[in-house]
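Biologist: Could you walk me through reading this fold? I would like the general idea each time, then the case at hand.

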Amino acid sequence: EISNYPLSKTLEEDIRSIYTSDKTIDSVEVNQKGRIIYVNIAFNTAVKVDTAKSLAIKSLDKIGEDNLTYYEVQFILTYTGEEENKNFPLFGSKNANSTKVVW
């Protein structure tokens, strides 16, 4: 069944390109294992939780609507800055049967 939902071979680069101009993000990693896509975003600046969540959700556009009905997406948002920040890590999950991300 997974062959009916092909992901772009450049998915990681496509998702990274969303964040290239954002100075608050240190790194972005995307991994796929079976029907799960892992998106790990590391912030180097303290940002509000809502801002971090909305930035992460932008990556769903690059996965594609059809693929989002098949793949699960797991978000791990971390903080690599030097200031103390108790808001991180944040974990989010988007089920294939849902349109919303649960944090």
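Modeller: Let's begin with contacts, meaning heavy atoms within 4.5 Å. Residues 24 or more positions apart account for 55% of the contacts with a separation of 6 or more in this protein. This is a predicted model, in which local features need pLDDT of at least 70 and side-chain atom pairs count only at pLDDT 80 or more, while totals for chains, interfaces and linings use all residues. Residues are numbered from 1 along each chain as its sequence is written, and side-chain values use heavy atoms, with hydrogens and water left out.

Biologist: Which pattern does the protein follow along the sequence?

Modeller: Helices (H or I, at least four residues) and strands (E, at least two) are DSSP runs, numbered from the N terminus. Here there are four helices and five strands, and the pattern along the sequence is α-β-β-α-α-α-β-β-β.

Biologist: How should I read the sheet, and in what order do the five strands lie?

Modeller: In general, strands of a sheet pair through backbone hydrogen bonds, either parallel or antiparallel. Two strands count as paired if DSSP finds at least two bridges between them. In this model, five strands form an open sheet with mixed pairing, in the order β1-β2-β3-β4-β5. β1 and β5 (101-102) are the edge strands, each pairing on one side only.

Biologist: Where is the pairing parallel, and where antiparallel?

Modeller: β1 and β2 are antiparallel, with eight bridges; Glu 29, for instance, has Asn 40 in β2 as its bridge partner. The hairpin of these two strands has two residues between them, and Gly 34 there takes a positive phi near 65°. β2 and β3 are parallel, also over eight bridges, and Ala 42 is partnered by Thr 78 in β3. Strand β4 (residues 90-94) runs antiparallel to β5, joined by two bridges, and Lys 94 is partnered by Val 101.

Biologist: Now a helix, please. Which residues of α1 are buried?

Modeller: The general idea is that an α-helix has 3.6 residues a turn, so residues three or four places apart point the same way. Buried means under 20% relative accessible area, exposed over 50%, and partly exposed in between (1.4 Å probe, protein chains only). In α1, the buried residues are Leu 11, Ile 15 and Tyr 19. They lie on the same side of α1 because they cover an arc of only 80° around the axis, taken from the directions from the helix axis to the C-beta atoms. These buried residues pack against β1, β2, α2 and α3.

Biologist: And the nonpolar core: how many residues does the largest one have?

Modeller: Such a core is a set of buried Ala, Val, Leu, Ile, Met, Phe, Trp, Tyr and Cys residues joined through side-chain atoms within 4.5 Å. The largest has 27 residues, and those with the most contacts inside it are Ile 41, Phe 43, Ile 63, Leu 77 and Phe 88. At least two residues each come from α1 (11-19), β1 (25-33), β2 (36-43), α2, α3 and β3 (72-79). Leaving aside neighbours within four places in sequence, Leu 77 touches several residues, among them Ile 41, Phe 43, Ala 52, Phe 88 and Trp 103.

Biologist: Finally, how much of the protein is buried?

Modeller: Buried residues make up 34% of the 103 residues.
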